[in-house]
Amino acid sequence: MSIYVLDELSIPPGRLQEVRSLIDEVYRPGAEARGLHLEQVCITPPVPLIDEPTTMVLWWSLEDFWSVKRKSTADPQVAAFWREVDEM
């Protein structure tokens, strides 16, 4: 049985591509190594607006919650990634 995790990000105008690149190049490889599998990425509105944030939802699946939790807690890159996103 799979467990699903949803990460919802509110991305400031003009930063969508930067966040997508950060996820693809920095976060996703580590997440997959920890046991997360990216199932889907949803973005709303579908066209970035100049004056409004974009919401991105990352839908992850995993099999072993406790293993992923332990690995995520022990990996300083996880906290560093979320700090960088929070600062945008």
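These are my notebook entries on what I looked up in this predicted model.

**Ground rules**

I number residues from 1 along each chain as its sequence is written. Because the model is predicted, local features need pLDDT of at least 70 and side-chain atom pairs count only at pLDDT 80 or more, while totals for chains, interfaces and linings use all residues, and side-chain values use heavy atoms, with hydrogens and water left out.

**Entry 1: the overall layout**

I began with the helices and strands, which are DSSP runs numbered from the N terminus (helices: H or I, at least four residues; strands: E, at least two). The chain has three helices and three strands, and along the sequence I read the pattern β-α-β-β-α-α. The C-alpha atoms fill a box of roughly 40 × 25 × 15 Å along the principal axes.

Next I looked up burial, where buried means under 20% relative accessible area, exposed over 50% and partly exposed in between (1.4 Å probe, protein chains only). Of the 88 residues, 31% count as buried.

I also looked up contacts (heavy atoms within 4.5 Å). Taking contacts between residues at least 6 apart in sequence, I found that 71% join residues at least 24 apart.

**Entry 2: how the strands pair**

Two strands pair if DSSP finds at least two bridges between them. How many bridges join β1 to β3? I found nine, and these two strands run antiparallel. Strand β3 covers residues 54–62, and its Leu-62 is the bridge partner of Ile-3.

Strand β2 (residues 37–44) is joined to β3 by seven bridges, again antiparallel. In this pairing I noted Thr-44, which stands opposite Thr-55 in β3. Pro-45 itself is in the loop between β2 and β3.

**Entry 3: Ser-61**

I stayed in strand β3 to look at Ser-61. Is Ser-61 buried or exposed? At 4% relative accessibility, Ser-61 is buried. I then checked polar contacts (a pair of N or O atoms within 3.5 Å; within protein, one must be able to donate a hydrogen and the other to accept it, and residues adjacent in sequence count only if both atoms are side-chain atoms). The side chains of Ser-61 and Glu-39 make such a contact, at 2.5 Å. Leaving out residues up to four places away in sequence, Ser-61 touches Ile-3, Tyr-4, Gly-35, Leu-36, His-37 and Glu-39.

**Entry 4: aromatic rings**

Rings of Phe, Tyr and Trp (its six-membered ring) pair if their centres lie within 6.5 Å; planes under 30 degrees apart count as stacked, over 60 as edge-to-face and the rest as tilted. I found six aromatic pairs in the structure. Why is the pair of Tyr-27 and Phe-81 stacked? The ring centres are 4.4 Å apart and the planes are at 25°, so the pair is stacked. Tyr-27 lies in helix α1 (residues 16–34) and Phe-81 in helix α3 (residues 76–86), so this pair ties together parts 54 residues apart in sequence. Both partners are buried: Tyr-27 has a relative accessible area of 7%, and Phe-81 has 3%.

For contrast, I looked at Phe-65 and Trp-66, whose pair is edge-to-face, with 4.8 Å centre to centre and 80° between the planes. Phe-65 is partly exposed at 34%, whereas Trp-66 is exposed at 56%.

Ring pairs also link Tyr-27, Trp-60, Phe-81 and Trp-82 into a cluster.

Which residues of α3 are buried? I noted Val-78, Phe-81 and Val-85. Seen down the helix axis, they fall within an arc of 65°, so they line one face of α3; the arc is that of the directions from the helix axis to the C-beta atoms. Elements covering these buried residues include β1 (3–11), α1 and α2 (65–74). On the other side of α3, Pro-76 and Asp-86 are exposed.

At the start of α3, I found a side-chain oxygen of Asp-75 reaching to within 2.9 Å of the backbone nitrogen of Gln-77.
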